[in-house]
Structures are given as structure tokens and as C-alpha cells.
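Visitor: Could you walk me through this one? I'd like to hear what stands behind each label you use.

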Amino acid sequence: MHMSDALLSPAVGATVWAGTLGTIAYCSKKIKENLDEKMIPMMGVIGAFIFAAQMVNFTIPGTGSSGHLGGGMILAILLGPHAAFIVMASVLTIQALFFADGGLLALGCNIWNLGFYPCFIGYPLIYKPIVQKGMSSKKILMASLFAVFVGLQLGAFSVVLETLLSGRSELPFGTFVLLMQPIHLAIGVVEGFITAGVINFVKTSRPELLESIAEIRSLSPETKMKKIVIAFLVIAIITGGAVSWFASSHPDGLEWSIERVYGKPELPEHETGIAMLLKTFQEKTAFLPDYTFKRKEDIKEQKTSDGEANAWPNIETGTSVSGILGSVMMLSLIVLIGFGIKIIRKKEAHSSKETSGLKGQGRS
Amino acid sequence: MNFDKEYFNLGVLDTLSYKNTLVHRLDPRTKVITTFAFIVTVVSFPKYEIAGLIPFLLFPVVIFALGDIPVWFILKKVLVVSVFAVFIGILNPLFDTHIKYHFFTLPVSGGWVSFFSILLKYFLTMCSALLLISTTSFPGICHALRKLGVPEIFISQLLFLYRYIFVLMEETLRMVRAKDLRSFGKKGQGISIFINLVGTLFVKTIERAERIYHAMLSRGFTGTIHFVLREGFGKKDFVFISATGITLYMFRAYDIVGLIGRLAERMFN
């Protein structure tokens, strides 16, 4: 399930983006250290493979509904965690841009949810230990099912956390968890079977591929795993710390930091530079000086602080009428601007064509 | 997902991004930065905000018009994709039932207000992502990201991936079509066929990757991709960034809609 911009607050989006970018930088460094440049075109083509395979639908047995491939675990098994994370991140980036899957702020969350858990939890901590002693197809199936299950559950739980911390949805924690986790249990079973199936297919038809890719990776599992666990812990602590700091430092929620950045007309002591300039400009040009520029939310807040019981019946219809009137006028203004630009552009194109045509004639 | 259609859409967006208009000629960095600033500003509005978000529609409208982007093509994509936000948002009215506004005489609960706020934010952010890619070529975006400090390996990965998507999609398209022609009714739609198809595709992919790698080596590939950008960061970029920045600030910090509404009321009275 893809996270969406509309459900995110800037603080949560930015924090998870920071974690994702950190992981991308870490993986890039690791790939540079460990691998030869043969991996670079290989990763590109395999990314395209995942991208194409995701678009092929299949029917899920018994339900009749159709599913498609996620691919994080397949990548981790075939390429190793670092390269897999980079490939997953690139696939999701292209999907976010071309299919608008979730949006660009949510892209950080999506890379984290769908890339980090299969690559750095499911693969090294679950798949590898099970498969390490001999790869039978049964073992591969068991390992994939279990690893994919854990990866997807963690990813789904992250979606819940990210949404709740952003505070845009009213869903209570318990309901949300009960909604997300079972759905992803079903998705996980299907994905696990596919992962195992594809790995087994490659193993029977081209066994040397699995080995040769594993060779390029040149992994020393003991130290690797420790490092990954430590890195995960560090990132978790930083992320958790940052999020809780944002969440707790202001009762109003996570918009606090952005409110700070943008400043508000009510906080003159914070206004410097361009804010100051804009304010004086606004004061000088105010055509209705007796009307406050206070935002609606502040008025609302004041009212709710007056007392919960009186809060809502007191809302003046005047405010909402002017709000609706203003919205309609703003919308028509925007549409007018759009058409205006279109018309001007068309005229320009027309006249430039004419002049070029005239030039052409002059030359001939 | 309809395979042929998605593939076709990918090609349309790619073609759009190579148009030659005022917006297309801006430096990719300018567009990446302003798009992110726009998204963060839109998303920063609190849960119950609707009026404050409306002025932001100005940005997509201006880009549609200036960039000469087909409106219906993008809108269709925005309305069809990712139902997750809508799905989670529609539950808000169930949980948040206290009355927030009176729409003339009709009481409106807080849940509906926050749901419409989510819908508006969804529309604005989706539009901005699709407008970014339809006004900036993908290699341009990669170049901008590289200049903004994203690791080299990730950039190479994005560029390689983008190049081979079109190749592999054609290959997959042929395989899926061949499978469809050989299967009737509900046969051939199952999971085991899918696994075999994807497995074969993978083996083919690896063989292709090896051929590509050898071809690149013999042409002197050293591990990084070089490319030349048509235009640099110029006066127009500076103007665009400052204009966007100031407008975003104004729309975020002042109640433009309320102001216009009160002004209009005054005129009518």
C-alpha cells in the first residue's frame, strides 16, 4: 500500500525522507566499496525487470481478485541488500513521478516502507539464516514466506505510524492496525509464494546466476549482520527521537516547525527579513485596514479555548459565507488566469508563425 | 492495471517532457526545488483547512497553461491512481462527528471538512508530481538531483533503469500477449503461469544485461554516465524561484480567500 502526500505532515515526511536518503547514501558507499562496476548496468536492467514484472497481473487462487508483484525480497535475494535497496528506491522514484503513486513527499516513506524492511530486516535476519545451510526448494519457500511476511507487516505498521503521527486521519490506532495488518498478511502470503517461485525457477534453469551474483557481492555474513543491526538501531533511535521531539515540543502538533519557518502575522518578534518586508508592505497597501488578516484557524482556536460546550454553536455564519464567497471568486480568478495565459500563448504562437512565414517568403 | 495503457502513458509523459515552452526551458533544479517547496507548503496546512488551500490551485493552472500540457490527460491520471488517501480519508467522517461549520443552514461535521481537505491536498500534490515530470525530461531531473547532492550511484541507477524500462516493457508486452493468445477463458491467469513468465523474463533480462555490459565496456565505460545539459541556471530561473517563493509565502501566511470574500460582501452590501 502506497503512502500518500495528502495524509502526511511536513515534519513526518521530512524525517522519513532523511532516513531514506541516509540509507541511500550508506548503500551507495557500500556498493562503491564492495562491487565492481559490472553491477551498475546489471542493477539498472534488473530494476527495469521488476518494473515490468509489477505490471503483469495474475489471479490470486480462490479469491478471483488480481495481484501484482512487490519485488523487494526478490531483489534482496538476487542482488544483496545494498544494491536491492538502491534498485527498489529507483523503481519507486520512477513510479512516483510517472504514475503519481503517492506523491513526492510520500516517496521517502514509500522507499522506507517497501525497501528498508525487506532489504535490511527480512533478508539478512530471516531469509539468509534459514537458507544458509543448503538451498532446497522447500527451504527457499519457507524462508521467502517468512521473510516477506515480516517485511510487509513492518511496512504496513510503518504506514500506520506515519499516518497517525501526521494527524490528518481520524482513524484510531487500534482500528487502523486491525485494518492494515490482516490485509498485508494476505498480500504477504501471495508475495512469498511468488518470491520463492521465481527464485526456484532461476535456481533450476540457471543455477549459476544465483551463485555468480552471490559471488560478486563478496559478503562476509557475520560482520555484515552486526553492522546492519547496529545501523538499523541508530536510524530507529534518530528517527524516533526526531519524530517524538517534533510531536511533543508543541501541543498543536507537527505543523509547529513549518509554522515557525513561515512565521505568522501575530508573531512580530519572529519576523525578520522578507517577512518583515512583506508585513510593512501589507500594512501600507491594506485596502481594508479594519479587517484583521487573522487566519481562520486562529479564530477557531480562540473559540474552542473559550469553552468546549460553546465552541461550535457560536460559529458565525458570516465567516463561513465570506469563506465560501471568497473561495468561489478565487477559483474563478484562477481559471481566468489560466485561460488568459492560454489565449496569449496562442496569439504569440500564431504571430510568430506569421512572421516566420513572411520571412520565408522574403527569402524565397 | 492495464499493461498496454500504462506503457503508452509512460511514453506520452516522456514525449511531453521534451516540449519547448517557457516552463520546459527552466533549469531542472528550479523545477525540482519549487515542486518540493509547493508540496511541503500545501501539506503543512492543518487538518481542517479548506479555504487556505484553494489559492494554491493557481500553480497547477499556470503550469498547465504555460507549459502547454494537455489538462485531461493529467487529470485522468490524478483521478484514477492511488486510492489509499481517499480510502483512509473517507473514514474521517465516521470518527469525527462534531459540527464544525454551518454551510448556510446545513451542519457540516469536522470529519467531512478534514476529508475534503485531504482530497484537495491529494489533488494538488498529485498534480504537482505529474506536472514536474511532464515539464522536465527524466535525465534532466536526474541531473538536477545529482547537482543537489544525491549519490552518484543512485543517479546512474535511475538513468539505467529509465533507459531499460522501455526495452524490457516491449519484451514483457510480447510475452504477455503470447501467453494471452494461448490461453482461453480463465486459464493461464494463475499464479504458477505468472511465476514461470517472470522467471523467464528474469533469465532473459540477465542475459541482456551481460550483453549490454560487454558492449559498454568495449565503448570505454568507466562507471559514471556523462551528459550535457541544454541550459544552465539563468535569470529566468531566479525570477521563477523568487516569484514562486513569495506567492507560496503569501498564500500560506495570509487568508487570501477570506479577504476576497469579505471584500465581495462589502461590495454587495
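**Labels and what backs them**

Guide: Let's start with chain A: among its contacts with a separation of 6 or more, residues 24 or more positions apart account for 74%. Two residues are in contact if their C-beta atoms, placed from the backbone, lie within 7 Å. This is a predicted model, where local features need pLDDT of at least 70, side-chain atom pairs count only at pLDDT 80 or more, and totals for chains, interfaces and linings use all residues. Residues are numbered from 1 along each chain as its sequence is written, while chains are lettered from A and ligands numbered from 1 in the order in which they are written.

Visitor: What share of such contacts in chain B join residues at least 24 apart?

Guide: There the figure is 76%, among contacts between residues at least 6 apart in sequence.

Visitor: How many helices and strands do the chains have?

Guide: Chain A has 14 helices and two strands, and chain B has 13 helices and two strands. Helices (H or I, at least four residues) and strands (E, at least two) are DSSP runs, numbered from the N terminus.

Visitor: Why does Asp68(B) count as buried?

Guide: A residue is buried if 20 or more other C-beta atoms lie within 10 Å of its own, exposed if 12 or fewer, and partly exposed in between, with C-beta atoms placed from the backbone. Asp68(B) has 21 such neighbours, so it is buried.

Visitor: And what makes Val167(B) partly exposed?

Guide: Val167(B), in helix α10 of chain B, has 15 C-beta neighbours inside 10 Å, so it counts as partly exposed. Over whole chains, buried residues make up 39% of the 364 residues in chain A and 45% of the 269 residues in chain B.

Visitor: What is the phi of Asp68(B)?

Guide: Asp68(B) has a positive phi of about 60°, although it is not a glycine. Most residues other than glycine have a negative phi.

Visitor: Why are α9(B) and α10(B) called roughly antiparallel?

Guide: Helix α9 (residues 138-147) and helix α10 (residues 152-182) of chain B pack at an angle of about 175°, with their axes 10 Å apart. Angles under 35 degrees count as roughly parallel, over 145 as roughly antiparallel, 65 to 115 as roughly perpendicular and the rest as oblique. That puts α9(B) and α10(B) in the roughly antiparallel group. Their contact residues divide into eight nonpolar, no polar and two charged. For those classes, Ala, Val, Leu, Ile, Met, Phe, Trp, Tyr, Cys and Pro count as nonpolar, Asp, Glu, Lys and Arg as charged, and the others, Gly among them, as polar.

Visitor: How does the radius of gyration of chain B sit against a compact globule of 269 residues?

Guide: Chain B has 24 Å, but such a globule would be near 18 Å. The radius is taken over C-alpha atoms, and the globule rule is 2.2 Å times the number of residues to the power 0.38.

Note on methods
Axes fitted to C-alpha atoms, helices over the stretch in contact; angles between N-to-C directions.
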